[in-house]
Amino acid sequence: MCGRYASSRRPEDLAGVFEIEAWEPEEALEPDYNVAPTKEVYAVLDRPLKDAEDKRPVRQLRKLKWGLVPSWAKTPEGGARMINARAETVHEKPSYRRAFAARRCILPADGYYEWVTGAAERDLEVEGKKKRPRKQPYFVLPADGSVFAMAGLYEFWRDRTLPDQHPLAWWVTCSVITTEAETAPLAVAPESGPSSLADIHPRMPLMLTPDRWDAWLDPARTAVEELRPLLEPPPTGLMRAFPVSTAVSNVRNNGPELLKELEGPEEGTLF
């Protein structure tokens with residue numbers, strides 16, 4: 001799954017990486033080292049500019065809320081739970097299938113955090129014990145330091161309790177697509193602990209390599225049989241992971257120190 005990530009790159013840098021044609025400086029976000037559900041995040045998407053005569057798709061950097069609210073939802077309350085969509089079923093689930101067909105985006109990140117699900121925890125769950133050992137968080141990122149481009153979906157939701165011209169009348173929300181975690185060895189693994197992403201958690205965000213960006217963002221591609229091959233996991237051996245402070249577990253903590261690599265897991269945590 002993807003429940004937290006880091007996004008510290010400036011919009012000017014993202015504009016260069018993704019060949020952005022339009023973005024609003026007043027929508028710039030501060031660097032966020034502990035992005036959590038319901039926060040505003042950057043998304044790269046292709047769609048016509050609002051109120052423009054030219055209806056060609058324009059590559060934009062937009063500010064969206066993380067936690068997808070389907071267009072047909074009566075209230076936005078379920079958005080915080082819909083932060084992830086499974087690649088295996090995204091084309092058929094009622095909450096995601098329309099967005100998958102026409103509203104795909106890229107959610108740029110430095111990398112994502114994942115808390116290890118180890119054998120000790122699984123044993124406790126099997127035994128029915130409520131107390132769980134403290135999990136060790138890991139930061140997962142491209143080994144070459146490039147932008148981590150997560151496949152995402154976005155959706156529009158109209159708050160019918162507000163008048164048309166109200167600034168909050170329309171919500172634009174998003175979700176991260178996840179896939180099975182890689183079992184192949186990490187490009188760079190910690191000296192002690194997990195050697196693959198699957199050793200940390202069974203799911204991972206679907207990373208899109210640059211050769212898939214244009215096809216993924218193209219709103220003219222709507223056929224499921226044409227889109228599903230884009231959900232294939234990227235080549236293995238592109239990622240690294242390292243343990244970070246359990247301070248990231250508290251959403252109130254935020255700063256570059258959360259990305260500091262530890263020499264090993266913190267005392268009292270799994271691995």
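Residue E19 lies in the loop between helix α1 (11–18) and strand β2 (22–23), where helices (H or I, at least four residues) and strands (E, at least two) are DSSP runs numbered from the N terminus. The structure is a predicted model, in which local features need pLDDT of at least 70 and side-chain atom pairs count only at pLDDT 80 or more, whereas totals for chains, interfaces and linings use all residues. Residues are numbered from 1 along each chain as its sequence is written, and side-chain values use heavy atoms, with hydrogens and water left out.

The backbone of E19 has a phi near 55 degrees, a positive value in a residue other than glycine. E19 follows α1. Its relative accessibility is 61%, so E19 counts as exposed; exposed denotes over 50% relative accessible area, buried under 20%, and partly exposed the range in between (1.4 Å probe, protein chains only). A positive phi is also found at T38, near 80 degrees, and T38 is likewise a residue other than glycine. T38 is placed in the loop between β3 and β4 (40–47). With a relative accessible area of 42%, T38 is partly exposed.

Helix α1 itself contains the buried residues P11, L14, A15 and F18. These residues cover an arc of only 105 degrees around the axis, which puts them on the same side of α1; the arc is that of the directions from the helix axis to the C-beta atoms. In general, an α-helix has 3.6 residues a turn, so residues three or four places apart point the same way. The cover over the buried residues of α1 includes β2, β4, β5 (58–66), β7 (104–109), β10 (148–158) and α5 (213–217), with contact meaning heavy atoms within 4.5 Å.

Five strands form an open sheet in the order β3-β1-β8-β9-β13, and the pairing is antiparallel. Two strands are taken to pair if DSSP finds at least two bridges between them. Strands of a sheet pair through backbone hydrogen bonds, either parallel or antiparallel. The edges of the sheet are formed by β3 (32–35) and β13 (239–243), each of which pairs on one side only. On average, neighbouring strands of this sheet are turned by 25 degrees against each other, direction ignored; axes are lines fitted to C-alpha atoms, for helices over the stretch in contact, and angles run from 0 to 180 degrees between N-to-C directions.

The pairings can be followed across the sheet. Strand β1 (residues 4–7) is joined to β8 by three bridges, and the two strands run antiparallel. In this pairing, R4 stands opposite Y113 of β8. Strand β8 (residues 111–115) is in turn joined to β9 by four bridges, again in an antiparallel arrangement. Here E114 has Y138 of β9 as its bridge partner, and Y112 stands opposite V140 of β9. Five bridges then connect β9 (residues 137–142) with the antiparallel strand β13. V140 faces A241 of β13, while L141 has R240 of β13 as its bridge partner.

In β9, six of the six residues are buried, so the strand is largely enclosed by the rest of the structure.
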